[in-house]
Amino acid sequence: MAISFDDLGSSAGLKSLDEYLLKRSYISGCQASRDDLLVYLALAGAPSPDLINLSRWYSHITGLIESSFPGSPVGVSLKGGAAPAPAAPATRDVPPPAPQTPVAAADDDDLDLFGEETEEEQTAAAEREAKVKASAKKKESGKSSVLMDVKPWDDETDMVKLEAAVRAVQMPGLLWGASKLTPVGYGIKKLTIMMTVEDELVSVDGLIEEHLTEGPAAEYIQSCDIVAFNKI
């Protein structure tokens, strides 16, 4: 069923959207989608910092858009519509070409279209191929950088113990990084934490479902949301 928001240009509409994002990282689903882009474009600009959940979502979507278009803009002014297509030139009678005098075919033994590569050309080609392979290998490190929100059960959950329970999960290919506590409203805070994973060794979905929302950590953790997932 389609999600509906009323009058995002008013304070009441923005407050309603802020409350909607209280327990959500995205407009729909667990990853950014066209729904997020449509709502983002419907806003007049960055929301008030008082709207904590909406401001968090707006900053995150802004970052995704900027990472997708990394160039530095200079500003573009668009005036008028598209230029009309030029009219087809008037046709006119063109005399047929004069007959060509046939030319004797060259001897195949004397015809060399490409020639043989010199030793220098072969070496240069091998070096170019090696650079391309090295570049491709460097880009595909097999690792991903993940930003995750970890949400507690309520405002009485001990966030120090919650973070300790998260970092207690250890496995080959998993490295926990920086973290911070972010207010989400009604006295509740969430843990936002970075991690680096080796794609062949760690399944992020499995990490959440089997180790964070199950087992000892589930005493403190209500749910986990992936905020950003980028290949390194």
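Predicted model: local features only at pLDDT ≥ 70, side-chain atom pairs only at ≥ 80, totals over all residues.
**Entry 1: a bridge to start from**

I began at Lys151 and found that its bridge partner in β4 is Ser223. Strand names follow DSSP runs (E, at least two residues; helices are H or I, at least four), numbered from the N terminus.

Residues are numbered from 1 along each chain as its sequence is written, and side-chain values use heavy atoms, with hydrogens and water left out.

**Entry 2: confidence**

I looked up pLDDT, the predictor's confidence in each residue from 0 to 100. The chain mean is 82, with 78% of residues at 70 or more. Contact here is heavy atoms within 4.5 Å.

**Entry 3: the sheet**

I traced an open sheet of four strands, ordered β2-β3-β1-β4 and paired antiparallel. The edges are β2 (174–185) and β4 (221–231); each has a single partner strand, so one side of each lacks a neighbour in the sheet. Neighbouring strands are turned by 20° against each other on average, direction ignored. Two strands pair if DSSP finds at least two bridges between them. I noted nine bridges between β1 (residues 143–152) and β4, and eight between β1 and β3.

Met148 shows up on both sides of my list: its bridge partner is Ile193 in β3 and Ile226 in β4. I also checked how covered β1 is, and eight of its ten residues are buried. Buried means under 20% relative accessible area, exposed over 50%, partly exposed in between (1.4 Å probe, protein chains only).

**Entry 4: the helix across it**

Next I looked at helix α6 (residues 204–212), which lies across β1, β2, β3 (188–198) and β4, running at about 165° to β4. Axes are lines fitted to C-alpha atoms, for helices over the stretch in contact, and angles run from 0 to 180 degrees between N-to-C directions.

**Entry 5: Asp225**

I went back to β4 for Asp225. Is Asp225 buried or exposed? Asp225 is buried, at a relative accessible area of 19%.
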